[in-house]
Each structure stands twice: as C-alpha cells, then as structure tokens.
Amino acid sequence: MLTTMDNIQPTISVVNSPASSSETSTALTELALALAAKPSEGFFDEIISRLAQQVGACEGYIAHFDSRTPSLPCIRYWREGQFIGGKLSPASANLLAEIRARRVVNIDNLQQAHPDYASTQPEIQQPLQGFWAQQIVQQQRVIGYIAFSFSQATFDHALLEQLLAPFFERLSSEFEVQQQREALSLSAIAFESNEGLIITDVNYRIVKVNKAFSQITGYQQHEVLGQELTEVLGNPSPVFIEEVDGTVRRKGEVERQRKNGQRYTQQETITAVHNDLDSLTHYVVCLQDISANKATEQQIQHLAYFDELTGLPNRRKLREELSLCFSRAKKQHAIGALLFIDLDHFKNINDSLGHAAGDWVLQQVAKRLQELIREGDVLARLGGDEFVLLLADLGESPPHAEQQANIVGKRLIQTISSPYPFDGQSLHIGASVGITLFPGKGQTAEDLLKQADTAMYQAKSAGRRTVIFFDDGMQKQADKRLKLHNALRGALANDELLLYYQPQHMVSTGELVGAEALVRWKPEGKGLVSPTEFIPIAEESDLIIDIGMWVLEQSCKHMAQWQQNGLLLPELSVNVSAKQFHHPEFVDRVEELMTRYSIDGAMLNLEITESVVLGHAEDTIRKMEQLKEMGLRFSIDDFGAGYSSLSYLKRLPVDELKIDRSFIRDIPRDSRDMAIVDAVLAMANHLGFTVTAEGVETRQQLAFLKQQGCTFYQGYLSSKAITAEALERYIQRFQSKFG
C-alpha cells in the first residue's frame with residue numbers, strides 16, 4: 001500500500017504505544033540540543049542516527065537529488081547502528097526515486113508493494129517491511145530526501161514528521177552548505193591543475209596564483225601578490241579574441257621570461273569574470289608553457305626542409321627557393337644560375353671504408369662549399385652525393401653570367417678535390433658540375449633541376465672533374481636516354497635481346513680457340529641498338545644484372561647445342577658486370593647453369609673489368625677462387641683503359657689480359673701505342689698470363705702482335721660479331737681446316 005501524507009490518512013500500527021505529547025516534546029528537546037552542538041560536518045550523522053533510534057528504523061538515508069544523472073548520490077547511509085559507505089542497491093535507488101513525484105512516501109507493506117526490494121538486501125538481518133521518505137525542498141525545488149526503512153510493517157511515521165518538522169529549515173541550509181563545500185572542493189582541484197592560473201582584480205592586480213604558475217614562471221605566490229600583471233608577465237598581452245559559450249576571451253602565444261631569466265613561449269588566455277549583476281569582478285589568466293611543443297614543431301619543420309646529415313636545405317626547400325628566385329629573376333630581368341654538383345668516386349669511399357666515413361666526407365664537403373657561397377645564394381643537398389648551388393643574381397648580361405657561373409663551378413671542383421685527412425690517410429674525391437642559366441625562353445622553374453642534372457651527366461661522360469653548361473641538344477639526348485631506359489625494361493620480357501659471337505684466334509697459327517658472347521638489342525619494328533647506347537643505361541640500374549644472367553644462360557645453352565652437334569669450341573668468353581658479379585647469388589647461379597647444361601668449367605671464361613675490384617677486393621678474390629675451383633678461367637677486359645692497379649692484378653687469380661682496342665687501332669702508325677702493347681705483353685709474360693688483343697683489323701697489326709708474342713686476337717680481320725647459327729658454320733669450317 002502506497003500513500004502520501006498530503007492526500008491520504010493512513011492506518012498506522014505502532015510497535016509500541018504511540019508516543020505521548022510529553023514524550024514527543026522530550027524527544028524534540030533532546031534532538032534539538034544534540035543537533036545544536038553539532039557543526040555542519042556532523043549534522044547529517046546526528047539527525048539520521050537519533051531519528052532512526054527514536055522511531056525504531058533499521059536503515060536511514062540522506063542524499064541529494066540530481067536531475068542531470070539517474071543515480072542518487074548518498075550523503076550518509078546508516079544501518080543497524082553504524083554508518084557505512086558504498087552505493088545503494090538498485091532496488092533501493094528505484095524505491096527512493098518515487099519521492100520525486102511525492103512530498104512524503106509511506107509504504108507500510110514493503111514486501112507486497114516491492115517484493116524484490118528485501119531480496120536485494122542480503123546484508124539486512126531481518127526482511128524489510130516498511131519505508132518512509134520525505135523530500136527536502138528549497139525555493140520550490142526538490143534538492144534531496146531523508147528516508148528510513150523498517151523491519152516491521154507498521155511504524156510511527158507521524159512521530160517522524162513531528163520530530164523532523166522543526167529541523168527542516170536547517171536541513172535545507174545544510175544541504176546548501178554541503179553543495180557549496182563540494183563546489184569549493186572541485187574548484188580547488190581545478191585551480192591546482194597543470195596549467196598555470198592567475199586571478200587578478202579589475203585593475204589586473206594579482207590576488208591569487210596556483211602551484212603550476214610557480215612551476216612555470218619560478219615566482220612564488222608571496223612574490224607576486226599585489227603586483228600588476230604586467231610587472232610579472234610583461235607585455236604584450238594576447239590579442240586574439242575568441243568567444244566560448246558566450247564568454248569572451250583574449251588568447252595568444254607570447255614570448256616570456258622566467259624568474260631566472262630563461263626565455264620561453266607560453267599560451268595565455270585571459271577571461272573576464274562577472275557577477276550576477278554583470279559587473280566585472282576579476283580576471284582569470286591561464287598559462288601553458290608550450291616551449292617543448294614549439295621546439296618539437298621547429299624540429300619537425302627543420303626536418304621537413306633541411307637535410308639531417310649536413311644541415312643544408314633539402315630538395316623540398318630548394319624547390320621553394322627555386323620558384324621564388326625564378327619569379328624574381330623574371331621580374332627584375334636578372335640572370336641566375338643553378339649548379340648541379342655530383343661527387344666523383346664517392347662510392348669507393350662508402351664501399352671500402354663504410355657509410356660512417358662517407359657521411360663524414362659529405363659533412364666536410366658541405367662545410368667547404370658553405371665557405372664559398374655569397375649571402376643570398378642557396379646551397380642544398382638533394383641526397384646521396386648530390387649538391388645544388390643556386391646563384392640568385394649574376395647581373396643582366398648572359399655572357400657575364402655564364403662567365404661568373406663557370407668560375408664558381410671550377411672553384412667548387414677545386415675545393416672539393418682537395419684531400420680529406422681521415423684516420424691517418426688522405427681521401428681523394430672529385431666533382432662534376434652541370435650548370436643551367438635562367439630565366440630562358442620557354443623555361444620554367446621546374447625545368448632547372450632537370451637541365452642542370454642533364455648537364456652534370458654530360459660532365460661525367462666528358463671525363464669528370466669538369467663543368468658543362470646545359471643546351472637544348474643535351475635535353476634531346478637525355479630524353480632519348482630516358483626513352484631507351486623505359487624500352488629496355490621490356491626487352492627481356494618481349495624477347496628482344498639477341499646474342500652475337502665474335503671468334504677468337506691463335507695469333508701464331510690462326511687456329512679458332514674461342515669466341516666472345518656479345519649482347520645485341522633489336523626492339524620490335526626497329527633496327528639494332530648499339531651496345532654503346534644501351535649497356536651504360538642498363539649499368540646505371542639493376543637491369544644489367546638480369547641482362548647479364550640472360551647472356552650467361554644463353555651462352556651455356558648454345559655451348560650445349562654445339563656439343564650435341566659435334567662442334568667443338570674450346571672456350572666461350574662471357575662479359576660479367578660489376579653489379580652482376582657482386583650479386584649474392586652469382587656463384588650459385590653459375591654453378592647451377594653449368595650443371596643444367598653439362599658445361600665443363602674449362603670451356604667458360606668470364607671477362608671482368610677492373611671496376612669489379614674497386615671497393616670489393618676481398619669479395620672479388622673470394623668469388624673468383626670459388627669459381628676457379630669449378631674450372632672457370634678469368635680475363636681482365638679492356639686492360640689499360642681504366643683505373644689499372646698492379647697491386648690488385650698481383651693478387652687476383654686471373655688467367656688472361658685483354659688489351660683494349662684503343663691501343664691496337666693506330667698500330668703501326670702510333671709508336672706510343674706500340675710501346676704500351678709491348679709493355680703489357682712483357683708484363684703478362686712475366687706474370688704467366690695469356691693475352692688477347694681486341695679490335696685487330698689489319699694484317700700489319702696482326703704481324704706486330706705475332707712479333708711481340710701476343711697469344712690470341714679478335715677483330716674484323718678474322719670476323720665481325722655473328723649470330724649463333726653463323727658461328728656454327730664458322731666452327732665447322734675451321735674444324736675441317738685444322739681437324
């Protein structure tokens with residue numbers, strides 16, 4: 001049965017006889033005296049415990065109503081003689097929520113009205129039978145409740161109402177005190193946040209600061225109280241204005257100084273505080289030290305625009321500077337220059353001494369170049385061993401600008417080429433420089449890097465350590481190279497590569513002793529592309545590895561076919577590039593091909609250039625020895641035309657030297673070429689090497705080689721490079737002649 005005091009007069013059963021008026025008066029007096037002696041902190045405990053004992057309740061509650069949340073936060077919870085903590089059970093919370101709509105709730109048969117209530121209270125020794133609760137109202141708003149539970153179905157709720165009536169005003173005021181105390185506690189917690197807080201009066205005089213303020217600025221509270229805000233923080237104040245939830249704030253990032261003089265950056269927000277009459281009373285200043293964030297932002301910005309190793313502007317920064325400089329040059333009719341600098345033989349340092357030494361050299365190069373540039377010029381590192389120098393203003397005369405850029409380019413090469421003392425030795429590198437002038441007709445800022453790079457490539461091809469200026473012909477050649485490169489990528493897949501062979505003969509007798517495999521490329525629908533055009537392109541990328549392995553496999557395949565046909569070619573020479581030779585699987589791949597095609601190792605001669613050795617001496621010797629154990633022979637191709645090192649030659653397990661055709665071409669007209677060939681033959685004889693002369697075209701050349709004791713030769717005098725089918729007929733002819 002659920003009733004309300006306002007509407008229904010309930011039938012009341014009391015455990016003891018109803019209290020008389022004198023007993024009620026006595027109880028009120030005792031309660032009044034007890035509560036008068038209690039401060040706010042003990043008021044709720046005293047009133048709950050005394051009333052519960054007076055009316056025989058086994059539980060007492062006092063709590064807030066909070067319309068924003070479904071829960072009912074309990075201030076105090078008394079049960080069977082003691083105060084306990086914790087939340088009310090869901091059944092209790094649901095039951096107490098009924099007083100939201102009723103001022104007084106009286107349930108004299110709790111089990112019947114709410115059968116699940118007692119079952120959810122296992123800690124209660126006796127089942128609950130009755131319940132009474134009353135709202136606490138303030139300014140016509142329900143702010144809380146006071147309630148009691150009983151183990152008997154009947155209780156003296158009239159006595160409860162009589163005893164509570166005189167104390168409702170204080171009960172209401174204590175609720176307000178409690179709310180204020182909670183608000184102050186929350187404010188104190190908020191005030192002592194990680195953000196610095198300053199409270200000032202309307203004249204910006206400081207009245208309070210928190211601990212975070214002291215930690216940020218170094219000033220203690222007693223040092224700043226009463227001072228004006230500008231005396232502590234200084235000017236300027238934040239000027240950016242924002243409005244949040246109707247509150248106007250000034251906000252901004254400001255450079256400040258701590259007590260110890262250290263400069264730092266902080267974000268400041270100044271908020272005006274008004275009272276209920278909308279009168280200004282205070283200012284609240286919020287401080288955030290954002291120095292670490294600013295430092296991180298600057299570091300990220302630096303990494304985005306500057307090279308981490310050298311500290312120079314990177315490609316992204318250079319492009320921005322190029323665009324600005326190009327536009328300015330067009331407007332001012334000034335001429336600028338872009339110099340593309342690529343280090344010569346830098347890879348040798350990385351390969352032989354490691355990348356740490358290479359990084360050190362790059363840093364030294366950057367320092368040397370920085371000492372040469374003018375104010376306003378831009379020196380950047382694009383990556384690897386590539387640098388770019390942007391000369392912003394070289395006057396209005398194109399010839400004068402070209403002259404100045406050429407002088408700078410040569411000075412750069414001279415500076416870079418000076419020795420670098422490192423770990424007890426001197427390191428030597430050079431540089432090749434490509435230059436483009438701007439602005440030119442039809443030229444854009446995006447063209448400059450490509451043009452300077454193209455000119456630099458021409459400087460490399462011209463022998464390195466030189467300066468080359470860009471012209472339109474270079475661009476056409478560069479475009480052709482790019483087109484060839486793209487087409488070459490599909491050459492293997494499209495079966496466009498061919499294998500030709502140039503016979504090799506004994507100088508003394510003319511007997512056929514072997515042939516050299518030479519790759520050719522015939523794109524679909526086009527003529528043959530010269531190896532001098534596509535081999536350098538393939539060597540610039542990993543294409544040379546795939547092409548080289550194709551040549552090796554096709555050579556083994558043809559050798560196997562000739563053997564099956566009864567044709568004897570004593571030896572087949574195959575060129576191997578440096579990249580191919582140093583591939584981790586090269587030795588295994590050679591062994592696998594020899595096994596598959598039943599090739600005797602003595603029939604295979606691998607031709608390598610001296611570039612294979614540079615920077616990889618130990619790896620080269622190890623692999624050569626492994627292949628020698630399989631019976632293979634080795635030749636040093638183009639001997640004398642490259643970087644010849646006799647110390648390497650002494651250590652390498654080679655069998656043959658091949659004299660480059662450039663030394664044979666002018667025999668017998670050039671006595672110097674004859675002397676060089678004679679010296680190579682003498683050295684080879686002492687070292688136990690055989691010698692093959694390349695490019696023999698005349699009988700006079702052959703006669704000289706025979707006189708000097710050269711072993712083998714190849715060239716147009718005997719045969720040009722021919723197809724595999726043509727070589728079969730060639731072998732047959734010589735077998736019948738010398739067989």
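Reader: Which strand is Asn605 found in?

Author: This is a predicted model, with local features needing pLDDT of at least 70, side-chain atom pairs counting only at pLDDT 80 or more, and totals for chains, interfaces and linings using all residues. Residues are numbered from 1 along each chain as its sequence is written, and side-chain values use heavy atoms, leaving out hydrogens and water. Strands here are DSSP runs (E, at least two residues), numbered from the N terminus, as are helices (H or I, at least four). Asn605 sits in strand E24, residues 604-608.

Reader: Is Asn605 buried or exposed?

Author: Buried means under 20% relative accessible area, exposed over 50%, and partly exposed in between (1.4 Å probe, protein chains only). Asn605 has a relative accessible area of 0%, so the word for Asn605 is buried.

Reader: Which residue's side chain makes a polar contact with the side chain of Asn605?

Author: A polar contact is a pair of N or O atoms within 3.5 Å; within protein, one must be able to donate a hydrogen and the other to accept it, and residues adjacent in sequence count only if both atoms are side-chain atoms. The Asn605 side chain also reaches the backbone nitrogen of Phe634 at 3.3 Å. Its side-chain partner, at 3.1 Å, is Ser573.

Reader: On to the sheet: what is the order of the five strands?

Author: Strands pair if DSSP finds at least two bridges between them. E15 (378-383) and E20 (467-469) each have a single partner strand, so they stand at the edges. Pairing is mixed in this open sheet, and the order is E15-E16-E14-E19-E20.

Reader: What is the bridge partner of Gly383 in E16?

Author: E15 and E16 (residues 386-391) run antiparallel, joined by five bridges. For Gly383, the partner in E16 is Glu386.
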